[in-house]
Structures are given as C-alpha cells and as structure tokens.
Amino acid sequence: MAVSQQNTGQVIQVPNTLRLKVGGRFGAVDASAIAKAEAALKSLSGNFAAWLQDEVTKLEAARQQVKTDGATPETLETLYLRAHDLKGLGATYEFPLITRMAGSLCKLIDDKDKRMEAPMVLIDAHIDGIKAAVRDGIKTDDHPVGKILVEELERRVSASGLV
C-alpha cells in the first residue's frame with residue numbers, strides 16, 4: 001500500500017487531571033490542609049528524639065547481628081534496611097546530618113553484588129558517627145564536627161571502589 005493510501009490516525013486528548021490534584025489553574029492547594037498537617041507534625045515533634053533513638057537502636061542491633069552471625073547477604077540486607085530507614089527519617093526527626101550519614105552508608109552497601117566487599121571498619125564508622133550525632137545533638141553539617149565527619153565518611157565511600 002502506498003503512503004498516500006494509508007489510514008489516518010486519530011489523536012485522543014486526555015484531560016490533565018494531575019493539575020486538579022496538585023492545584024493549578026483549575027484547583028487550588030488547600031492552605032488549611034497544609035496548616036493542619038504542619039500542626040500535626042509539630043505536635044509529634046516531642047516524640048522525635050525517642051523515635052530517632054529507637055531507629056538507632058535497631059541499626060546497632062543489625063550491626064551486632066553482622067558481628068555475631070557474620071557478614072551474610074541476610075545480615076547485611078537487614079543492616080542496609082535499617083540504614084535506609086534512617087536515611088529517610090533523619091531529616092524528619094530534625095537531624096538532616098543523620099540523613100546524610102545514613103545515605104552515605106546506604107551508598108556503600110546498596111549494591112547487593114558488592115555488599116559483602118564493604119569494609120566493616122567503614123560500616124562501623126558510619127554507625128558510630130550516627131550514634132555520636134544523636135548523643136551530642138549534632139543535627140546539621142553546619143556544626144564543624146558534623147561537617148568534617150560526614151565529608152570524611154563520604155570521601156571514604158567514594159574511595160572504596162564499591163560505588
């Protein structure tokens with residue numbers, strides 16, 4: 001069949017419903033809903049220290065499991081999952097430095113195929129750094145100790161050859 005004899009296509013315009021959901025020309029962001037959410041989060045902030053400590057305790061337990069049972073795919077997966085939780089929760093619990101340190105640890109042990117090669121001394125340094133940040137209330141990398149610590153951890157992860 002020649003090109004001129006082919007059937008023509010039909011263009012179907014799908015309405016952009018995303019704009020309505022996030023607020024835009026056709027809908028507005030509900031400022032009162034945002035205010036309620038912020039107030040709810042603020043009311044919970046008194047629990048942040050305890051919740052953060054619980055997460056750090058879980059990370060420490062995962063490290064102890066690696067030391068007790070050995071570095072296996074299962075024990076390192078548990079350790080990774082605990083670090084990943086802290087990566088997501090650190091900033092929420094007002095410790096963005098912990099998010100960054102846990103992110104560095106996740107980067108080190110993210111690849112399941114290379115996880116077993118990660119030096120335990122570097123894993124320990126991350127966990128000890130996280131624990132020290134919580135203990136000493138070092139929340140951001142604006143703190144001179146926090147800045148040096150997180151930058152050195154990230155440098156060592158980059159230099160490890162695993163990422």
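This is a predicted model: local features need pLDDT of at least 70, side-chain atom pairs count only at pLDDT 80 or more; totals for chains, interfaces and linings use all residues.

Me: Which residues of α6 are buried?

Reply: Leu122, Ile123, Asp124, His126, Ile127, Gly129, Ile130, Ala132, Ala133 and Val134. The cut-off for buried is under 20% relative accessible area.

Me: What covers the buried residues of α6?

Reply: The cover includes α3 (48–69), α4 (73–89), α5 (96–109) and α7 (144–159). After α6 comes Gly137, with a positive phi near 65 degrees.

Me: How do you know that the span of α3 agrees with its number of residues?

Reply: The helix has 22 residues.

Me: Which residues of α3 are buried, and what puts them on the same side?

Reply: The buried ones are Phe48, Leu52, Glu55, Val56, Leu59, Glu60, Ala62, Arg63 and Val66. They cover an arc of only 150 degrees around the axis, so they lie on the same side of α3. They pack against α2 (31–44), α4, α5 and α6.

Me: Why is Glu55 called buried?

Reply: Glu55 has a relative accessible area of 10%. Buried means under 20%, so with 10% Glu55 counts as buried. This residue lies in helix α3.

Me: Which residues does Glu55 touch?

Reply: Leaving out residues up to four places away in sequence, Glu55 touches Asp85, Leu86, Leu89 and Tyr93.

Me: What describes a pair of packed helices?

Reply: The angle between their axes and the distance between the axes. For α3 and α4, the axes come within 9 Å and cross at roughly 160 degrees.

Me: Why is α3 called roughly antiparallel to α4?

Reply: Angles over 145 degrees count as roughly antiparallel. The crossing is at roughly 160 degrees, so α3 is roughly antiparallel to α4. Which residues make the contact? From α3 they include Leu52, Glu55, Val56, Leu59 and Ala62. From α4 they include Leu76, Leu79, Asp85, Leu86 and Leu89.

Me: Is the crossing of α3 and α4 left-handed or right-handed?

Reply: Left-handed: that is how α3 passes α4.

Technical notes:
Residues are numbered from 1 along each chain as its sequence is written. Side-chain values use heavy atoms; hydrogens and water are left out. Buried means under 20% relative accessible area, exposed over 50%, partly exposed in between (1.4 Å probe, protein chains only). Helices (H or I, at least four residues) and strands (E, at least two) are DSSP runs, numbered from the N terminus. Contact means heavy atoms within 4.5 Å. The expected span of a helix is 1.5 Å times one less than its number of residues. The arc is that of the directions from the helix axis to the C-beta atoms. Axes are lines fitted to C-alpha atoms, for helices over the stretch in contact, and angles run from 0 to 180 degrees between N-to-C directions. Angles under 35 degrees count as roughly parallel, over 145 as roughly antiparallel, 65 to 115 as roughly perpendicular and the rest as oblique. A crossing is left-handed if the near helix is turned anticlockwise from the far one by less than a right angle, and right-handed if clockwise.
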